[in-house]
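Open the structure in your viewer and keep the selection tool at hand.

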Amino acid sequence: MVGRYIAALLLGLLLGVAVGYAIPRQGSCLFERSKFSNAPSGEVTIIYGFDANYPPFTVMQPNGTPVGFDVDLMNLIAKKYGWKIVYKPWDWSTIVTALENGDIDVIASGMTFNAARSQKIWFSVPYYSYVHQLVVRSEDKRSFDEILNSNEYIAVQLGSTSDEWADRLLKSGYKFKKLGLDSYVSALEALLDGRASAVITDSAFLEPYLKRNQDLAAKVKVLGSIGAPYVYAIATRPQDKWLRDKINEALEELMNSPKWNELLKKWGLD
């Protein structure tokens, strides 16, 4: 009996060779090789794309120096591995395309991990959670639904998840006009100077921003939350597995160290 099984196995192998059986190669996999699919030889330079005006995560100072929670995070990851970082601020509405095209290598700038983006880019382990909020001027007495059905302007940052939420609310039947601006800061300013009756923002931006600008805290109020909590993660190209693995390793190590709470406190995110 055993002899017949061995004979059948040998026959199967011979037939496999006869019909052209081959070991799968990298080139036949879902994604082609990319800049960081495997460990590069020599010095590693990471082109870091970010929103130049998304406090407290990423802000470009007037002297050209980037600062913020995510900037510190990327600097610590780079220091662990000896990488060189090239900082590249990018328009948020096109930053995902920039990553896909290879203009930048990572996005670490309060980048929300969601289903639509995951179809194009891949994310690290999540490191911060938040909720979207509808914010109005403090003297406004109208309800959540009255604001969303006011036919007035509600400000958002173009290309952000607040922009996506505005579109989703309009499609569901609410009646307002969307005012798309280049940053959450600009959207909040539009609310304060009367160009908009409300702003859709997120708690990760608003709470630290009002802590640092206490004169504004009495001028606005959160009318309610929109949707479920979301998380931030670092985005990479799908094929850059080596880079993503290294980022995940460093992120988990950092989040389980005392340094993590120091970072959160430093930027008002604790």
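Contact here means heavy atoms within 4.5 Å. The model is predicted, so to speak of local features requires pLDDT of at least 70, side-chain atom pairs count only at pLDDT 80 or more, and totals for chains, interfaces and linings use all residues. Residues are numbered from 1 along each chain as its sequence is written, and side-chain values use heavy atoms, without hydrogens and water.

Select Y127. Apart from neighbours within four places in sequence, Y127 touches F69, D70, L73, G110, Y232, A233, I234, L251, M255 and W260.

Next, colour the nonpolar cores: sets of buried Ala, Val, Leu, Ile, Met, Phe, Trp, Tyr and Cys residues joined through side-chain atoms within 4.5 Å. Buried means under 20% relative accessible area (1.4 Å probe, protein chains only). The largest core has 66 residues, and Y127 is among those with the most contacts inside it, as are F69, L73 and I234. A second, separate core of 13 residues includes V96, I104, A233 and A235.

On α2, select L73, L76, I77, K80 and Y81; on α10, the contact includes I247, L251 and L254.

Finally, zoom out: 45% of the 270 residues in the protein chain are buried.

Terms used. Buried means under 20% relative accessible area, exposed over 50%, partly exposed in between (1.4 Å probe, protein chains only). Helices (H or I, at least four residues) and strands (E, at least two) are DSSP runs, numbered from the N terminus.
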